Each structure stands twice: as structure tokens, then as C-alpha cells.
Amino acid sequence: MAAESRKQFWKRSAKLPGSIQPVYGAQHPPLDPRLTKNFIKERSKVNALPMKNKKASSFHEFARDTSDAWDIGDDEDEDFSSFQTLNSKVAKATAAQVLENHSRLRVKSERPQAALNEVPNNCKVIKSNSEAQLSRPEDDCMCNSLHKQSLPLRPIIPLVARISDQNASGAPPMTVREKTRLEKFRQLLSSHNTDLDELRKCSWPGVPREVRPVTWRLLSGYLPANMERRKLTLQRKREEYFGFIEQYYDSRNEEHHQDTYRQIHIDIPRTNPLIPLFQQPLVQEIFERILFIWAIRHPASGYVQGINDLVTPFFVVFLSEYVEEDVENFDVTNLSQDVLRSIEADSFWCMSKLLDGIQDNYTFAQPGIQKKVKALEELVSRIDEQVHNHFRKYEVEYLQFAFRWMNNLLMRELPLRCTIRLWDTYQSEPEGFSHFHLYVCAAFLIKWRKEILDEEDFQGLLMLLQNLPTIHWGNEEIGLLLAEAYRLKYMFADAPNHYRR
């Protein structure tokens, strides 16, 4: 009966803003470039808009020809169900074809070839848990040898890359230098009063996984530097959070909070939908509580779509404190209630600390985001005038692609493992999530300048910028991105006359 009444509530509210609709252009994680590059090129050629005198399509022409793209009738729930069913059928058909091809390869590999017997000694493939269960060693080596013939030599990373995998570029698991760094962190964290300036300096190039949870708590300002006060502070703040739950969470069914709760309830399943961890009902309930309590405690902004993404890095980092294995497929019901309560409360407080520094991104009309997008436009016009003029030529507005970069802190553009590494540095920088993020976005945009300049129409540019091929990124790529961002900050942050035209 309760389930039916809840269903009727959503039916009654079907016409409210934020109804469930297929989300276009927001990939989780970004699309694999090997699968989509040719498709995007061919589709942009085949579906090119009519042009007069070979003039490229403009934004106004594109908007006019696609003006009905978002016209959805009253049957939103049914449309979304059919959309999911279609995706499921396509996925099953694709999987069947892959297995059929895989079987053919296995039959060929069983023929006596002395050369193949030597391959297993040289094969090394990074695999997720799901791949390990579906494949055999000889099949993996055969596929890897074929893969090497057509693609650059680098490890294979699953589409849903391991969250804890920080060695995506093929580096050894733990070098001597990394062991030295880990020991340095442990000395800092075990001291009576942790030197936060030194901790920020050590954390800028990345925090070792083993000490990341306590380091993030300290850098976010959630934990005090004094060792003796930490235990009592954690206990007090966790009790305070669950006091908020008891006091406010039942009000989610009240009329003036229904819209907020409904929007949160809709957005939670969209949060990293390809990672099984975030599709577990218990995890989604935790996220609902965190977001609802934050929203009603911050009435100036309330809940805004995109804030749901900001919980996930904290949740994963604090979960890794209790989980030795890969967390993307971990069943949280195996943890005790006390551990889950600790992870939930710590995620809430650290997310709150982050949002305190960028709350103007989420207040009415989102002025913080608009200012940052304008600043990004000015910065790009100074550092790469050719890219800037290319956007102007094809009438691409920075707000059309950079709004998501600012609203979600690049979380929709990067795999989650890269976001966690990025946030190591953000928490080490003064105003990292607001000020330094601007320079990271500028460096990220210029990273794709060749691909941008190759696109010669509005539609192709938008498709590229909304589906940038970062699925195989790891520490190496993020390190280069941050180094370029630091260079830009050094050049422009304290030079306002140079910054503006």
C-alpha cells in the first residue's frame, strides 16, 4: 500500500520541473574515443545542416532545426521506461555479438602455434572484477596480442574503470619514491599537531590511497590539527549530523519540501549510473539523506542539480578506509551499521565544507558560475586566441559547454578515479574548488585544441566538447593538466591587466 501511494505521488507530480527524462550529452564515464571518434565524424558529415555558400551551421540554425528535441508529452514515466528497455536490448545484443566474436577467436587460438605459448609470460592486462569472471587467461592474451597490432601500447582499462586504480598509465604499483612519500605522510599525520601547510605541500602532487581519508578530513577543515581533539570532534560532529536527521528528515513529505525531495530522489539514480556501488538502494538512501539535510540547512540555494555528484568522491574515499578490495562492486551491506553511519556523516560534513566555498554557484541565477564562465572566456582569449576565434566563428558560446564544467567541477568529463586525484590538489590549493578550478578548466580546454580546430560546424564542436575522450586517463594525464593549470595561474592570477584585453 505504501509503495502504491508513493507511486501515485510521483504520478501527480509528473508535470513538475525535473521530471525523469533521458539525459543527453552527460556520459558516465565519458565515451571511449576508439568507439565514438569515427561515429561522431561520420554522423557530423551525414547529418550536416544545410549550408548556403558553404557557410558552416550557426547556433541559431541548429536551435531552429532541433527546437522540438525536448518536447515530451504526459507519458514521461512510460517514455523513460521504454528508453531504459531499448538500452537494455541494445546492450544484450552487443554483448551477444562480442561473445560470438570472442568464441571465434578462442577456436582459432586453440590451433597449435608455438608462438602463442610464449604470449602469457609477456601479457599484463588491467581487469575489473567482472572481466576476470568472464574471461580465461589464454583468451585475454590472445585478445591483447590482437589489440597491440592496431592500437598504441598501453594497459586495457575497463569502461567502468576501477575507482581505486591510480596507475592507469601502467606504472608499477608502489615505487621507492611512493613508499617514501607514504612514510612522510604518516609522520605528518601522527604528529601531536599536524603541520597543515606542510600537509598541503605534500598533498599537491597526490595523496597515497592509504592515508587519503584522514588527509581529506584535515584539509577540508573537518578535523582539527591537534591529535588529541580529533576523536572527540569526530564523535561530536557525527552525533550532530544524525541529530539533524532525527529533527528534519521526516519533513521531506511536507508540502513545502516535497519538490526538493522529489528532485533529489530523481537525480540520485543518475549519479554515476555505470558504477554498481552507486546503484545499491542503501547507498542511494544515504545520498538522499545527505542531500536533503544539506538543502534545508542552506535555504539560500537549496538543492540544485549537480550537487548530487559532489558527494561521490567523499563517499568513495571514506569507504576505502574500511574496504581493502576494489570498491566499485563492493556490497555495502557487508559493513556494520556504525561504519556506514560514520561514512555518511563524514561525507556530509566534508561536502558541506566544499560547498561553503562555492555556494554562489548554486544560489538564484547561479551568479558564481556565470562569473567563472565569463572569466574562462577572457582567459582563453588571452592564452589561445585561435581557439577563441574558432568558437566565435561558429557561434559557440562558452556557457553552452563550460556551465557543466563549473557546476559539476569536471566530474562529468573525467572518470571518478581522476576526480579523486584532482581533488587531492584542489584541497591543497587556497580556494582550489573556486579559483584554481578556473585555470584547470582553461588547461583542460586547450588540451583539446587540435580536435577543436578540426571541427568546422556548431554541431560537431558541441558533440566533441560534451563527450571528450578521457576514459583512459590516469595520474599521468591529471598531473600534466594540473601542471599546466598552475602555470596559467602563475602567469595570470596576479596580473589583472594582462588577464583582460
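Biologist: How far apart are the end C-alpha atoms of helix α15 (residues 337-356), and what span should its 20 residues have?

Modeller: Helices here are DSSP runs of H or I with at least four residues, strands are runs of E with at least two, and both are numbered from the N terminus. The expected span is 1.5 Å times one less than the number of residues, so the 20 residues of α15 should span 28 Å, which agrees with end C-alpha atoms that are 29 Å apart.

Biologist: What should I know about how the model was made and numbered?

Modeller: This is a predicted model, in which local features need pLDDT of at least 70 and side-chain atom pairs count only at pLDDT 80 or more, while totals for chains, interfaces and linings use all residues. Residues are numbered from 1 along each chain as its sequence is written, and side-chain values use heavy atoms, with hydrogens and water left out.

Biologist: How many of the 20 residues of α15 are buried?

Modeller: Buried means under 20% relative accessible area, exposed means over 50%, and partly exposed lies in between (1.4 Å probe, protein chains only). Helix α15 is largely enclosed by the rest of the structure, because the number of its 20 residues that are buried is 15.

Biologist: Is C441 buried or exposed?

Modeller: C418 has a relative accessible area of 1%, so C418 is buried. The relative accessibility of C441 is 0%, and therefore C441 also counts as buried.

Biologist: How many disulfides does the structure hold?

Modeller: A disulfide is a pair of cysteine sulfur atoms within 2.5 Å. By that cut-off, the number of disulfides in the structure is zero.
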